[in-house]
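We will go from stop to stop, with something to pick at each one.

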Amino acid sequence: MNFISLFANDFQAVFPELFLVTATIVLLVYGIVLSTSNRYDYPILIGNVSWLAIFSLGFAFLLLISDPFKNSILFYNSLLIDPFASFLKGLIILCSICAILMSLDYLKQKSFHAFEYVILILFSTCSMLIMVSAYDFLSMYLAIELQSLCFYVLAASKRSSEFSTEAGLKYFILSAFASGIILFGCSMIYGLTGITNFGELVIFFTGNAAIPFHLSSGILLGILFISVGLLFKLTAAPFHMWAPDVYEGSPTPVTAFFAIVPKLAILGLFIRFLLFSCYDLMNVCQSIIIFCSLASMMIGALAALSQKRIKRMLAFSSIGHIGYILMGFACGTIDGMQSLLLYMVIYSFMTIGAFAVVLSLQHQSPSMKYIEDFTMLGKMNPIIAVTMSMILFSMAGIPPLAGFFAKYYIFLAAIESGWYWLATIGVLTSVISCFYYIRIMKIMYFEKRKGWIYTQGVDREKSVILAMTLFFLCFFFFVPSPLLVMTHKIALAFCV
Amino acid sequence: MIKTSLTKKEILFMWNDSLLVFLLMFPLLGAALVFFLPFSYVRSTALSVSLINFIASLFLWIQFDHSTPQFQFVTKITWLPISNLHIYMGIDGISLFFVILSTFLVPICILVGWVSIQTYVREYVIAFLILESCMIAVFCMLDLLLFYVFFESVLIPMFLIIGIWGSRERKIRAAYQFFLYTLFGSVLMLLAIILIYFQTGTTDLQVLYTTSFSEKRQILLWLAFFASFAVKVPMVPVHIWLPEAHVEAPTSGSVILAGVLLKLGTYGFLRFSIPMFPEASLYFTPLIYTMSIIAVIYASLTTIRQIDLKKVIAYSSVAHMAFVTIGLFSLNVQGIEGSILLMLSHGLVSSALFLCVGCLYDRHKTRLIPYYGACVHTMPIFSVIFLFFTLGNLSLPGTSSFVGEFLILVGAFQNNTLITTLAATGMVLGAAYSLWLYNRVVFGNFKPNFINVYSDCNRREVFMFLPLIIAVLWMGIYPEVFLDPMHCSVANVIQHGNFN
């Protein structure tokens, strides 16, 4: 029995990942060979490679949705495929496609000629796909590391900018530290229980009274460490210090990528770890999550109030959104799970839209860094202004836009689990966060400035993305059931 | 046998069944149409869309069955079966006239902006058409969550209307205040709705009417709803946003704000707080009475010392709406019917007064009273119209407000004579500020540096005022047409709460 036949079916089940890895390597080779070729006069391949990458991601998505393997555990219990993982994978791939599409114009505009940028995004997407279906501490940690490594490079990719370098450095140091914490947590649990597999952990933890007392504190410490590490990567509040700096320093398309895709993957992993493996210790872990949720909501609402730069503001706003997501997480119920998934989908759409707007404004000659630069956008480019204001209203959770339903279901889940005060604080912070969302609108429509800024049109890719997000946000109200039913089914499948 | 053609009756039934959907969707379709039309058709298309919608809404009144408290024109659309949420619409005697009032005022708003709105015209009419659709939806939703959704979604167009087409720099602050006050109030209501949802498993209003909540919970829920409705009404401590929003809004914004949006809060009290939480309503009646009396007297006194035309009318709205809350919480048929009538009448009269101020502002670009005087020489027709509505505002017998206020006082008298006496002082004060305002603007000497050009109302403006005048007189002279459809529904509310 040789190696291949041992895993024969397993390889079929990870076909999307396999395809994506292969495609990435082929693209890397293609890019390197061609871009260093004298015969073609050292062509700039970034656009070419980006489009190929988008096609391969699209193909991977098709492979994913046509995958016959709905539930399986692979590779000696190190990977798991279930509807939850597939759903998140689909979302991750879609968001990556959007992130690359959004950056095409930016790369051309800023003469950003390194095609490795796209390769790194592809690699990190692969790693996130693996992360979502990780079923073992080992595969989990390796996936996290692969993803983080790609991100360090991405954050520092604009070498001419000091901010980018600083962002990369900060992100590297802090994130490596967090990875260390995760690793320490894993090793503690492994050391005390001899288990690295999630499925076995479930069996071990079932009825937590069975855990001997002298072990339980150590195990709890392990869980705490892993949670802290993951919360760090999720930019949840007490561990959020790096996020605004990194978001601001990194090139904007990279920020867009950071703000959307890794959150999905890390949340998937976090849910898998806490709600699946440690569900019987949930009452212990819950307090950590609730604290982080509370802190994130408050910091997201209050700190963003005083921001002057648009990317920093979006960073704090995303911290706030993570707070709401964690509120759904803290419930640990099917409804909580459903609301969380719904929120993640809608959050991704809103963030994609917001960053597409920022990116489409940023390729003007004096690039838009400050919120003040949005002045008179309502006159200069009314359609972008309307789109942005709908996205912001949606982020603020004003009905009938999609963002309202996301928040509504989160509060529903929180009240169902009896967290009345948490829901109340969530509601109040969402009112506070309205301040800064409508402040941008105020600047876009009501404020005057001396000169005009001549805007170029938005390129086709971003306009398509913007149109689609706007359509989704505005018309979600009319047909909400498909997404809700889908998330509900996935939550049920996960919790059973 | 297969029927090939529909009888007349069947067509009528189909029309009735889909009438509310039509009323909701038609302005939205109109807004979509306006978006793509060339500029020169924008205003006329929007006007005709809103007029057609108004005429369609009159069918509600014509087809309305007076003899039943049940919801009519009920339409149920499956929307979110997994959460037991359905788009569930219907009209009863309470909401009938509010729908008509909304459709009645929107064409007038579009007409107001015909000349004075020169920037973002397309967006202006789109905002109003979307707003119209939201307002109709608020009044005919029979689902608590969807009511909330539309109650809130009014914010988006209104925020933009105040902010973009408002007249001064302060408008931004006004738009902010409007937005945040309303939002802050209503999010607590959202939590209450979720709580209700978990107790009953539904947010269907008709089911909720048959549910009884424990008294402790009623009090909690009532307070959460109160937080939202009191801001909208506006009750006195949280009324600050109203004068700001009114003063800074464009004329049409004020018309909608005074005409319809202020009614959302009182409508909410009547539709949700009183029938769903009867015990809590009784428990809190003294609170409402006190707040309303303070509002009546305080707002009337504040009105007297204002020098901004719009602020005067805005504060008088606060006083009138306080009357409405007194009527609602007197919890008997006269009081509630009177307050509905006063809401409608206030929707007509104070909208008309804002239109009058708009007329003045369009000509002279100021709203400060000291600059005005002797308008009777330069604007005679306007002076007559303004006088008519001023008298309407101080509830002269024969105008609509009189019937409303009289019924309210009758209703309140059965409960509490002290309150009635205090509220009646509001009528005196109302007369004081209304007449004094009229004196200062219309009579007196010329102020030759400011107002000395003959510029009376043009035909468009007269046509704008005409329907309002007719409606006010009609309601004042023959209120039975308006009272008749609401008898059953109001009696049902009272019987349901065992208030007798």
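What follows is a walk through a predicted model, from a surface patch to salt bridges and then to cysteines.

**Stop 1: a nonpolar patch**

Select F471(A), F475(A), F478(A), V479(A), M25(B) and L29(B), and show their side chains. Together they make a nonpolar surface patch of about 610 Å². Which helices each supply at least two of the patch residues? Colour α20 (460-475) of chain A and α1 (8-36) of chain B, and you have them. Now centre on M25(B), which sits in helix α1 of chain B. This methionine is partly exposed, because its relative accessible area is 33%, and buried would mean under 20%.

**Stop 2**

Over all chains, the model has 12 salt bridges. Start with R272(A) and D82(A), whose side chains meet at 2.9 Å, N to O. R272(A) belongs to helix α12 (residues 252-277) of chain A, while D82(A) is in the loop between β2 (79-81) and α5 (83-109), so this pair ties together parts that are 190 residues apart in sequence.

**Stop 3**

Next, select K170(A) and D245(A), a salt bridge in which the closest N and O atoms are 2.8 Å apart. K170(A) comes from helix α8 (residues 162-193) and D245(A) from helix α11 (residues 242-249), both of chain A, so the bridge ties together parts that are 75 residues apart in sequence. Both partners count as partly exposed: K170(A) has 27% relative accessibility, and D245(A) has 23%.

While you are here, show the whole of α11(A). Seven of its eight residues are buried, so the helix is largely enclosed by the rest of the structure. The buried ones are W242(A), A243(A), P244(A), V246(A), Y247(A), E248(A) and G249(A).

**Stop 4: a bridge in chain B**

Move over to chain B and pick E461(B) and R363(B), whose side chains form a salt bridge at 2.8 Å, N to O. E461(B) lies in helix α19 (residues 459-477) and R363(B) in helix α14 (residues 333-364), so the contact ties together parts that are 98 residues apart in sequence. R363(B) is partly exposed, at 23%.

**Stop 5: cysteines without a disulfide**

Finally, select the cysteines. How many disulfides are there over all chains? The count is zero. A disulfide would need two cysteine sulfur atoms within 2.5 Å, so try the distance tool on two examples. From the sulfur of C98(A), the closest cysteine sulfur is that of C95(A), 6.2 Å away and too far for a bond. C98(A) is buried, with 19% relative accessible area. The sulfur of C150(A) has its closest cysteine sulfur in C126(A), at 8.6 Å, which is also too far for a bond. C150(A) is buried too, at 5%.

Terms used. Residues numbered from 1 in each chain as written. Chains lettered and ligands numbered in written order. Predicted model: local features only at pLDDT ≥ 70, side-chain atom pairs only at ≥ 80, totals over all residues. Heavy atoms only, no water. Patch = residues over 30% accessible without salt bridge, like charges linked within 9 Å, V, L, I, M, F, W, Y side chains within 5 Å. Areas by Shrake-Rupley, 256 points an atom, 1.4 Å probe, with all protein chains shown as cover. Salt bridge = Lys/Arg side-chain N within 4 Å of Asp/Glu carboxyl O. Helix = DSSP H or I, 4+ residues; strand = E, 2+ residues; numbered from the N terminus. Buried < 20%, exposed > 50% of the residue type's maximum accessible area, 1.4 Å probe, protein only.
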